[in-house]
Amino acid sequence: MSEPPSTPKNNKRRPEHQPSSLISTNQRNKRTASSNASITGQVRSLSLNPEHTSQSTPQKSRSSHASTKSNITRSARDIRDERKKEAEYCVRHNLVPDALVAEVAKPRDDGLAAFTAQVATRVCESLEAFIHADEHSNKYAELVKWTGMKEQSPESAMYSPISAFFTYVSKAIDSVHVGIPDGGSYSRACVILPYDITDRNPIGADDDTRIDIALRFVSRNASDAELAQRYPGKPDYKDITAIVEVKREVGKEAEALKQLYIYNRNLYTKQTNQRFTWGFTICGSVVHACVFGNDDMFVSKPMDVMEPNGRKELVALLVNMAYCEEDQLGYNPTIRLYEDGSVKDIDVYDQESRETHTYQCIEPIILATRNFGRHTRCFLCVDCRDKSGEKKVVVKDAWAYATREGDGNNTVDVRDEVVIMQKIRDKLAGNKELEGKCATLVHGGVVQIIKGDIVEEDNTDTAFGMLLPPSLLSEKHEFRAHRRMAMTPDCVPLQNVDHIDQLIVAAADIMNVHTAIAKTCNILHRDISVNNMLITKLPENKVRGVLIDFDCAKDISKVDCKTRPERTGTYPYMSINNLLMSNVKRTQLDDWESLIYVLCWLGTTGVNPADEEWYDRAGRREINKWQGTEPEDVAMSKRLVLSNMGNFANDILAKFLKLPGYSQLRLLIRDLYKTLFFNESYSLLFHGTRAVDESLFIEEELSDEATSSPDSPVDQDEEQDDDADCAPFKKRADHAQDIADDLLKVLLKEREKALERIRKRYEKEMEAPF
């Protein structure tokens, strides 16, 4: 390591829990009390949020949908405003204050923990001596401007002193290590250093936002020359370990957390081996450490660097981060990277054989783009044991909600995607017509993390359980299991279709296998969206649609679908009942409704990148409303548009791109819409999106005097239902299979026409001279 620092000779509801920092505010100095007050305000909002009530089937935060829409439909300003709203919502509702963040990085080995405690003590002694020295002549002198702040400084003037503090501690750790008798028994620390350049837009950012300070993880074996080569002066999201957001005033923690939230999603996108991420907010002299989980932002108690105890706590955390294992920093040791940050290979644990299979990554297909949620990633891979390299698979990595039945270790996940896919694979085995049209499980199970001498399943309990204050330990929190699966066939996103006819064929294949899975396996997919509809390219310009992602699927032979279900999926594609959380049981018709929205979306914006060039946001007002952040508003827009053919034709179908083939798509969607919402095989009571007065269809009305009187009791079963306006949806749900069969007939009929057009186009291309 380079020059060590010189030491001068002279010197979901959350429970109504009150953070410890509020118990005796007057015992703290004014800076710390102000810091805690701002964060505590977020906790009070948290307890009022109905979407974070603990449930057996937990609800997704509405904010998780904010980044799922195609950016083509929104301006840069729209995206920026949406991200600000999302950050504000999540800081209000997803914040866990006074979390035991330091416990995440605490070494698991007792001997190492004792050693790091010695290191932290000596680093603190060195730091205190330096701060209280009469003169500060070396390059770390600036840190005293931060630890001894007597008046507010401009924010930009704080960056260099803060960076000097982090650098001093990191270099002191390396210097102190060799001076402790037991130092030779432990590997030297990996240090976390700030980037040289501050207040910059990092490499890899998808917008123009500038982060204040970026910290980087530096290998214990790296030389100064290697560091200079690997880490440029400008921060790079693929290398950043933690982002530091700075505010000049104490009490601005909420604003700092919002900005940290906006920047942090880039770490998940650019670092494909991230399980969770770290961050820091610094307001004046007060520091909070943060850990971003799948559903929560865990924030530590305040650490005031103007106070010896505050400096001691921060130093102890940084020392533990330097010595802890890589999974404690949020990295996934079962995904290994090349030096440039690209994925090298991935381990997939198979819960049937209890064996681990290693796959070499060819390229990523889907990247995580949000702070909260499943963090789904997909990679095109080949089994390392396959010498030919021809047997390609798609490896999916995701943190899906899991529902546990039982107590202690005797728990069963009734939403296990691996089990669901095993059932689909076994039930559809031998069906040649559906072969290759649904993701087929090869290997899969919960990710196994080696922690010291033990191997643990990776889930939100094992990853974040130590973060919760004692007052929250008894409360149930959203539980997610980190699963990874290898599947066939290898496929590409739906937007790789060349034209509308390929889209129609792919949609028909997907809904054909969707129907078969519902009939044969009693499984509802419940998340039809653009991302879950892939294609496989075939000879002669043909394609095959592939249905993937059974994270939200349910085995209805084991689950009572008549109970009030949770909201699942992506807002633009969710059915009206799904958005409204109505008590109408979920059926295949919800997924068929989602398909209509998918096709409408592609018809409006373009089915592939070439067609997207012709998209114009102007005049697409109604469909753009489907991107809203409030599910009730999205449902209202869809309900109005779908209420009659006139609205649907004028507000949606008429806005399709004026390109070849889009007229066929328009006609197909019209027929699907009529079959689902205005099916002529059923009475008018089944039609539309709102209830109608049934008395209009009764030829003889009974006299009011004969049926009731002012004093007669009301039968409980005859009371007005909360979801009475969903009457047509309820009636259709009772005949869901028959209506789904009608819809499939419409789609398969159009598929045959599309295949014929593809054949003729191919023959014409073959006849054309080169």
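**Figure 1. The loop between β22 and β23, with N541, in a predicted model.** At 27% relative accessibility, N541 counts as partly exposed, and the structure in which this residue is shown is a predicted model. The residue belongs to the loop that runs between β22 (533–537) and β23 (543–547), and its phi angle is near 65°, a positive value in a residue other than glycine.

**Figure 2. V543 in strand β23.** V543 is placed in strand β23 and, with a relative accessibility of 4%, counts as buried. Leaving aside neighbours within four places in sequence, V543 is in contact with Q502, V505, A506 and D509, and also with I535, T536, K537 and L538. The C-alpha atoms of V543 and L755 lie 9.6 Å apart in space, although 212 residues separate the two in sequence.

**Figure 3. The crossing of helices α10 and α12.** Helix α10 (residues 417–427) and helix α12 (residues 500–521) have axes that come within 10 Å and cross at roughly 95°. Angles of 65 to 115 degrees count as roughly perpendicular, and α10 and α12 are therefore roughly perpendicular to each other. On the α10 side the contact is made by K423, I424 and K427, and on the α12 side by I517, T520 and C521. By residue class, the contact of α10 with α12 divides into three nonpolar, one polar and two charged residues.

Figure 4. Not counting residues up to four places away in sequence, F648 touches I596, C600, V641, L642, L653, I669 and Y673.

**Figure 5. W592 in helix α14.** W592 is found in helix α14, where, at 1% relative accessibility, this tryptophan counts as buried. Not counting residues up to four places away in sequence, W592 touches M511 and T515, L672 and L676, and A740, L743, L744 and L747. The C-alpha atoms of W592 and Y673 are separated by 9.5 Å, with the two residues 81 places apart along the chain.

Figure 6. N578 lies in helix α13 and counts as buried, its relative accessibility being 7%. The contacts of N578, leaving aside neighbours within four places in sequence, are with E566, R567, T568, R586 and D590. M581 is found in the loop between α13 (576–580) and α14 (588–605), and its phi angle is near 55°, a positive value in a residue other than glycine. At 14% relative accessibility, M581 counts as buried.

**Figure 7. D236 in the loop between α7 and β4.** The loop that holds D236 runs between α7 (224–230) and β4 (240–247), and the residue is buried there, with a relative accessible area of 10%. Leaving aside neighbours within four places in sequence, D236 is in contact with Y195 and I203. The C-alpha atoms of D236 and L267 are separated by 9.6 Å, while the two residues stand 31 residues apart along the chain.

Figure 8. The peptide bond from T488 to P489 is cis, with omega near 0°. P489 has its place in the loop between β19 (480–488) and β20 (492–493).

Figure 9. With a disulfide taken as a pair of cysteine sulfur atoms within 2.5 Å, the count of disulfides comes to zero. C438 is in no disulfide, and the nearest cysteine sulfur, that of C521, is 8.5 Å away. C438 counts as buried, at 5% relative accessibility, and C124 is buried as well, with a relative accessible area of 12%.

Terms used: Residues are numbered from 1 along each chain as its sequence is written. This is a predicted model: local features need pLDDT of at least 70, side-chain atom pairs count only at pLDDT 80 or more; totals for chains, interfaces and linings use all residues. Side-chain values use heavy atoms; hydrogens and water are left out. Axes are lines fitted to C-alpha atoms, for helices over the stretch in contact, and angles run from 0 to 180 degrees between N-to-C directions. Helices (H or I, at least four residues) and strands (E, at least two) are DSSP runs, numbered from the N terminus. Angles under 35 degrees count as roughly parallel, over 145 as roughly antiparallel, 65 to 115 as roughly perpendicular and the rest as oblique. Contact means heavy atoms within 4.5 Å. Ala, Val, Leu, Ile, Met, Phe, Trp, Tyr, Cys and Pro count as nonpolar, Asp, Glu, Lys and Arg as charged, and the others, Gly among them, as polar. Buried means under 20% relative accessible area, exposed over 50%, partly exposed in between (1.4 Å probe, protein chains only).
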